[in-house]
Amino acid sequence: MSPSADFSLLAAVLLGALGGVHCIGMCGGISASLARAAAARGRAQLLYNAGRITSYAFAGALAGQFGVSLFSLLGQSGALALRVLAGLFLIAAGLYLSSWWMGMAQLERLGSTAWRRIAPLARSVGAPDRCWKWLALGAVWGWLPCGLVYAALAGAAAAGGALQGGLWMACFGIGTLPAMLAGGALSSALLGFSRRARTRRAAGALLVGFGIWTVAAAALWQHPHGGGHAEHARAEHAHGP
């Protein structure tokens with residue numbers, strides 16, 4: 001069994017929920033302004049978030065396909081490497097969220113290069129006076145550079161394939177929905193809450209713990225009883241069928 005087999009979709013939802021304080025701080029203002037422009041129409045805000053999650057799912061499918069291609073090339077060692085990488089990204093995202101280490105900001109700066117090419121698409125949509133325009137705006141904003149999204153994409157790469165990666169990122173997006181929808185309605189109060197050091201540190205610590213568990217699970221899969229699968233395979237070969 002692949003070490004990514006227990007990388008459940010529930011974990012993706014929890015990752016999105018834990019990162020909600022970051023989403024409010026980074027995207028909540030966008031969500032709030034869009035909600036005001038939509039004259040408080042709930043449908044417009046839902047369409048915006050549906051577009052955002054669709055972009056996440058598409059990116060997750062690409063990451064999942066990359067992961068399964070690496071698995072085909074390198075076998076179980078490639079799957080283990082992806083699982084460990086996903087855990088390390090989660091740890092980095094937790095440290096970033098809590099402001100203990102800002103290394104993920106470097107990735108966001110790299111992502112800004114691509115974002116400068118994507119952002120003008122939002123202007124080309126024009127005034128958001130149609131349902132499809134809200135959906136399109138959300139799809140564009142789904143590519144906003146974000147360290148938390150990059151950590152989730154690392155998890156999608158370890159999910160086991162394009163479909164699994166797409167589902168993983170869709171579930172991650174669903175996990176962010178409560179923060180984003182509430183951010184549109186209660187933006188000022190929630191922005192203040194999300195910017196509290198204690199709130200960000202608590203969420204960051206949980207993400208770090210999740211990342212450590214992810215890396216540890218990969219290590220335990222490699223050495224389930226202290227011996228590892230490679231050692232068991234050698235023993236079976238020595239004793240014959």
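Author: Let's start with how far apart in sequence the touching residues lie: of the contacts (heavy atoms within 4.5 Å) between residues at least 6 apart in sequence, 82% join residues at least 24 apart. This is a predicted model, in which local features need pLDDT of at least 70 and side-chain atom pairs count only at pLDDT 80 or more, while totals for chains, interfaces and linings use all residues. Residues are numbered from 1 along each chain as its sequence is written, and side-chain values use heavy atoms, with hydrogens and water left out.

The chain has 12 helices and 0 strands, taken as DSSP runs (H or I, at least four residues, for helices; E, at least two, for strands) and numbered from the N terminus. Of its 241 residues, 46% are buried, where buried means under 20% relative accessible area, exposed over 50%, and partly exposed in between (1.4 Å probe, protein chains only).

Now to the interior itself. A nonpolar core is a set of buried Ala, Val, Leu, Ile, Met, Phe, Trp, Tyr and Cys residues joined through side-chain atoms within 4.5 Å. The largest one has 27 residues, and those with the most contacts inside it are Leu15, Leu148, Val149, Ala152, Trp168, Met169 and Phe172. At least two residues of this core come from each of helix 1 (9-18), helix 3, helix 4 (76-97), helix 8 (147-157), helix 9 (162-185) and helix 11 (197-222). Helix 8 gives the largest share, 7 residues.

Leaving aside residues up to four places away in sequence, Leu15 touches Leu90, Leu148, Ala152, Trp168, Phe172, Leu207 and Phe210.

Glycine 75, with a positive phi near 75°, follows helix 3.

Cysteine 146 counts as buried because its relative accessible area is 7%, whereas cysteine 131, at 37%, is partly exposed. The structure holds 0 disulfides, meaning pairs of cysteine sulfur atoms within 2.5 Å.
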